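Please keep the sequence and the structure in view while reading.

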Amino acid sequence: VPPEYLGRQVWVRYDSRLVRIYNERLEQIAIHGRTSLGCFRTDWQHIADEKISAVERGADYLLAKADRIGGEAGQWARAMMEERGVQGIRVLQGFVGLARKHSAVTINHASRTALHARLFRLRSLRELCKRLADKEDLQFAESHPIIRPLADYQAVLTHNPAERR
């Protein structure tokens, strides 16, 4: 049934070839051809969006998500699909998943490096992202709004507490 009828009572009529489903006003809401015992047939329009996996949505959907990460990410994804063909769908799915762990800047930088080196394996890209993220974590900021300037600490260290008495 369409997603809006999940959990609701419906009327069903069937014969040897067709199954017809009606709402409470006896309006036909779906029709399906009969299948053999133990088999199922689902109309794609009756599947809720959150239940459709990225693989089922296809390469164009995943490529669009890669484009939203950034320009280099989209270029790497397209080059990888061109190189690997249909086997690249799973790689593309994992690639898009990198955005949950790494920043777009890191993924784009890693994509640029991987594209230049013609690396089209997800393992290689994950390793590049990990290395770049580790490098970013090691960089210290010269100043930050919640950290006092070093001169304030110097004043505390050079202040002689005996002078107060």
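A residue is called buried when its relative accessible area is under 20%, exposed when that area is over 50%, and partly exposed in between. Glutamate 24 has a relative accessible area of 45%, so this residue is partly exposed. The model discussed here is a predicted one.

**Salt bridges**

Glutamate 24 has a partner in arginine 8, with which it forms a salt bridge whose closest N and O atoms are 3.3 Å apart. This pair links distant parts of the chain, since arginine 8 lies in the segment before strand S1 (11–14) while glutamate 24 lies in the loop between strand S2 (18–22) and strand S3 (28–33), 16 residues apart. Arginine 8, with a relative accessible area of 41%, is partly exposed as well.

| Arginine 78 | Aspartate 67 | 3.0 Å |

Arginine 78 is partly exposed at a relative accessible area of 40%, and aspartate 67 counts as partly exposed at 36% relative accessibility. Where do arginine 118 and glutamate 83 lie in the chain? Arginine 118 is in the loop between helix H5 (104–116) and helix H6 (122–137), whereas glutamate 83 is in helix H3, and 35 residues separate the two.

**Helix packing**

Two packed helices are described by the angle between their axes and the distance between the axes. For helix H2 (residues 59–69) and helix H3 (residues 71–84), the axes come within 7 Å and cross at roughly 150°. An angle over 145 degrees counts as roughly antiparallel, and H2 is therefore roughly antiparallel to H3. Where these helices meet, Ala59, Leu63, Ala66, Asp67 and Ile69 in H2 touch Ala73, Gly74, Ala77, Arg78 and Met81 in H3. This contact has seven nonpolar, one polar and two charged residues.

H3 also packs against helix H4 (residues 88–97), at an angle of about 160° and with the axes 9 Å apart, so H3 and H4 are roughly antiparallel to each other. The crossing of H3 past H4 is right-handed. Ala73, Trp76, Ala77, Met80, Met81 and Arg84 in H3 meet Gly88, Ile89, Val91, Leu92 and Phe95 in H4, and by class these residues divide into nine nonpolar, one polar and one charged.

Methods. Residues are numbered from 1 along each chain as its sequence is written. This is a predicted model: local features need pLDDT of at least 70, side-chain atom pairs count only at pLDDT 80 or more; totals for chains, interfaces and linings use all residues. Side-chain values use heavy atoms; hydrogens and water are left out. Axes are lines fitted to C-alpha atoms, for helices over the stretch in contact, and angles run from 0 to 180 degrees between N-to-C directions. Helices (H or I, at least four residues) and strands (E, at least two) are DSSP runs, numbered from the N terminus. Angles under 35 degrees count as roughly parallel, over 145 as roughly antiparallel, 65 to 115 as roughly perpendicular and the rest as oblique. Contact means heavy atoms within 4.5 Å. Ala, Val, Leu, Ile, Met, Phe, Trp, Tyr, Cys and Pro count as nonpolar, Asp, Glu, Lys and Arg as charged, and the others, Gly among them, as polar. A salt bridge is a side-chain nitrogen of Lys or Arg within 4 Å of a carboxyl oxygen of Asp or Glu. Buried means under 20% relative accessible area, exposed over 50%, partly exposed in between (1.4 Å probe, protein chains only). A crossing is left-handed if the near helix is turned anticlockwise from the far one by less than a right angle, and right-handed if clockwise.
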